[in-house]
Amino acid sequence: ISFGVKGEVNSSFNICKNLPLVRETTNGFGANAGAFLKRDILENLAFQVELLGQYKNSGFQTLTSELELSTWGIEVPAYIMGQFKVGSGLFYFGAGPYEIALFTAEMNDVDVLKENNYFSLSRWNLGVGMIAGFELPTSGEILLNGQDISALPPNKRPVNTVFQKYALFPHLNVFDNVAFGLKLKRVETTYVDKKGNEKIKYKKLPKAIIAEKVNKALEIVDL
């Protein structure tokens, strides 16, 4: 689960029914800003819900003039998103329903939340929206043995967390506590079977490699 704040640009237009005076509508650009909460379902699939303040703008062209519709309100979208690592960033895209509660809606300084000569607009609106973007780390690096692993998802980073108290075994010494996870670790290796086919299997780390890694870790903390 991740959460944060966001800002984005939106583009919108309106479909008008039973309005013979409107010849066409035009796209307009606005902006959203607010907070989001994202839950990763799979490595490349996520669900995200947002609470945004939104400004939208679009235009209408009638037989005699051009009108501009501007709205301010609160938007609550929910998206199912695909997400993929690209370099050190994350590309995402998705679609889902949204609900908008409008505070104001003006067309050429006329309030259209109430019925007027040509238009009637509801204060509550439902619809379907799309989202796309590219996230990049704002600063910093995560270095492991001199290599930047900030582009790797957490589940693929070769590190573990050992809490100072709760995950320690009282019947093991310091060396064996540190080595416990390495003894359970399996590494991928390839081999050729009797038919000459290359296959993959997982095997334990050799004791010498475990000892080397543990001693190196203990040296860092002067043990």
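**Close-up 1. Buried residues of helix α1 in the predicted model.** In this predicted model, helix α1 spans residues 174-184, and Asn177, Ala179 and Leu182 are buried within that helix. The buried residues of α1 pack against helix α2, which covers residues 207-220.

**Close-up 2. The largest nonpolar core and another core apart from it.** The largest nonpolar core is made up of 10 residues, namely Phe60, Leu67, Leu69, Tyr98, Ile100, Leu102, Ala105, Met107, Val112 and Leu113. Two or more residues of this core are given by each of the strands β5 (66-86) and β6 (89-107), and the largest share, 5 residues, comes from β6. Another core, of 6 residues, lies apart from the largest one and includes Ala179, Leu182, Leu205 and Leu218; among these, Ala179 and Leu182 are also buried residues of helix α1.

Close-up 3. Glutamine 48 is found in strand β4, which runs over residues 45-62. With a relative accessible area of 5%, glutamine 48 falls under the 20% limit and is therefore classed as buried. Its side chain forms a polar contact with the side chain of glutamate 50, at 2.6 Å. Leaving aside residues up to four places away in sequence, glutamine 48 touches Lys6, Phe36, Leu37, Lys38, Pro77, Ala78, Tyr79, Met81 and Ile131.

Technical notes: Residues are numbered from 1 along each chain as its sequence is written. This is a predicted model: local features need pLDDT of at least 70, side-chain atom pairs count only at pLDDT 80 or more; totals for chains, interfaces and linings use all residues. Side-chain values use heavy atoms; hydrogens and water are left out. Buried means under 20% relative accessible area, exposed over 50%, partly exposed in between (1.4 Å probe, protein chains only). Helices (H or I, at least four residues) and strands (E, at least two) are DSSP runs, numbered from the N terminus. Contact means heavy atoms within 4.5 Å. A nonpolar core is a set of buried Ala, Val, Leu, Ile, Met, Phe, Trp, Tyr and Cys residues joined through side-chain atoms within 4.5 Å. A polar contact is a pair of N or O atoms within 3.5 Å; within protein, one must be able to donate a hydrogen and the other to accept it, and residues adjacent in sequence count only if both atoms are side-chain atoms.
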